[in-house]
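Good morning, everyone. Please look at the structure on the screen while I talk.

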Amino acid sequence: MDNSVKPYERRVRAISCAAVSLALIVAHVGSGLAQQKLKVVTTLPTYAAIAREITGDLAEVDAIARGDEDPHFVNPRPSFAARVGEADLFVVTGLDLELWVPAILDRARNRRVIEGAPGHVAAYSGIKLLEVPENVSRAGGDVHVFGNPHIHTDPINAIIIARNVLAHLRQVDPANAARYEQNARSFEDRVLRRLFGDRLVDILGGDVIFRLARNYQFWDFASDQSFEGRPLTEYVGGWLAQGAPFRDRRIACYHKNWAYFSARFRVECAIFIEPQPGIPPSPGHLQAVIDLMRDESIPVILAANYYSRSQVDRVAERTGARAVVVPEHVAGAEGVDDYFQLVDAWVSALADAFLALDRRREHRE
Ligand SMILES: [Zn+2]
């Protein structure tokens, strides 16, 4: 304490301190009211990452599953029912990927986010499903009976998922609709530019390129059309250009995680380590996979990082193939904190594997 301060000055200081404290308390209470943030809960961390792109700082967004766990077989902690109980928005694939969700929704007792409510987002809505079986059956243990549910592996689907999130945010928080719409437009533009490169998006425009891509007509269109005397394919940039080393190549995959990625990037999973989605391989099946990979010179195995690494490595060892093990979801590995980093991780890991193979072959020739 400064002893040179006269008593009345001390009093003035004390009063002004009290005033400042009161102002702080008022500000705090005020911001508490103003910052009643929207609560968004998603099943998978990739949906959380996409939702965050749309909400910005207007919501608290949490995922139930971790990024490095198998989304089919999540064991949710009881605390998640409480989180879903408070949620304004709940995002789930909407197919049969997260069979662990109905139990959480039952326990959460939150009418605002049950199926059919404005706060319930089915991420798959509007996505052209691949691998839809002719008959719905879990015979043999298949865990994909409505079609392939790993929709987020195609960046075009990420745009559709974002649009679904936006449509429901508009309903549950109309006051902030304009901000959500602006964020969604920005996300779409960034995804298209990362996927196709700036030049092609500038030439065709976002709407046209999205429509072509969504209908899987992009490559036919780009091969037929030219711009300033050069075929449009020569303007392809972004992830698709980066994926050229693995385009039209065949790979082995652990699980049917990659159907949408395959279709977008034109890389075929020619064989699967699992005999059926969700069923671990028997020694006999594993041997059949190894034989086929050798016979057909399939050079790469792609697996999500929650599958048995030792099994993947064993197949790689016995076939001479390269193992590419990647996170399937955001937060599934260090440095994979948003959707762009996730697709970067897939594309660069696969491209690096094929570039290394091609270099080895050149070296031998
Ligand atoms: Zn699956």
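Just after helix 4, Arg109 has a positive phi of about 45 degrees. Helices here are DSSP runs of H or I with at least four residues, strands are runs of E with at least two, and both are numbered from the N terminus. This is a predicted model: local features need pLDDT of at least 70, side-chain atom pairs count only at pLDDT 80 or more, and totals for chains, interfaces and linings use all residues. Residues are numbered from 1 along each chain as its sequence is written.

Stay with helix 4, residues 101-108. Which residues of helix 4 are buried? They are Val101, Ile104 and Ala108. Seen down the helix axis, the buried residues fall within an arc of 60 degrees, so they line one face of helix 4. That arc is taken from the directions from the helix axis to the C-beta atoms. Buried means 20 or more other C-beta atoms within 10 Å of a residue's own; exposed means 12 or fewer; partly exposed is in between, with C-beta atoms placed from the backbone. On the other side of helix 4, Pro102, Ala103 and Asp106 are exposed. The buried residues pack against helix 3 (79-86) and strand 3 (89-92).

Now the whole chain. It has 14 helices and 10 strands. Of its 365 residues, 40% are buried. The largest nonpolar core has 103 residues. Such a core is a set of buried Ala, Val, Leu, Ile, Met, Phe, Trp, Tyr and Cys residues joined through C-beta atoms within 7 Å. Helix 5, residues 155-172, gives the most to this core, with 10 residues. Ala162 is among the residues with the most contacts inside the core. Leaving out residues up to four places away in sequence, Ala162 touches Ile50, Glu53, Ile54, Ala184, Phe187 and Glu188. A contact means C-beta atoms, placed from the backbone, within 7 Å.

Next, a helix pair. Helix 2 (residues 45-55) and helix 6 (residues 177-196) pack at about 125 degrees, axes 7 Å apart. Glu53, Ile54 and Thr55 of helix 2 meet Tyr180, Asn183, Ala184 and Phe187 of helix 6.

Last stop: Cys269, in strand 8 (residues 267-272). Is Cys269 buried or exposed? Cys269 is buried, because 20 other C-beta atoms lie within 10 Å. Beyond its neighbours within four places in sequence, Cys269 contacts Ile251, Ala252, Cys253, Trp258 and Ser262. Trp258 is 11 residues from Cys269 in sequence, and 7.8 Å away in space, C-alpha to C-alpha.

Technical notes. Two residues are in contact if their C-beta atoms, placed from the backbone, lie within 7 Å. Axes are lines fitted to C-alpha atoms, for helices over the stretch in contact, and angles run from 0 to 180 degrees between N-to-C directions.
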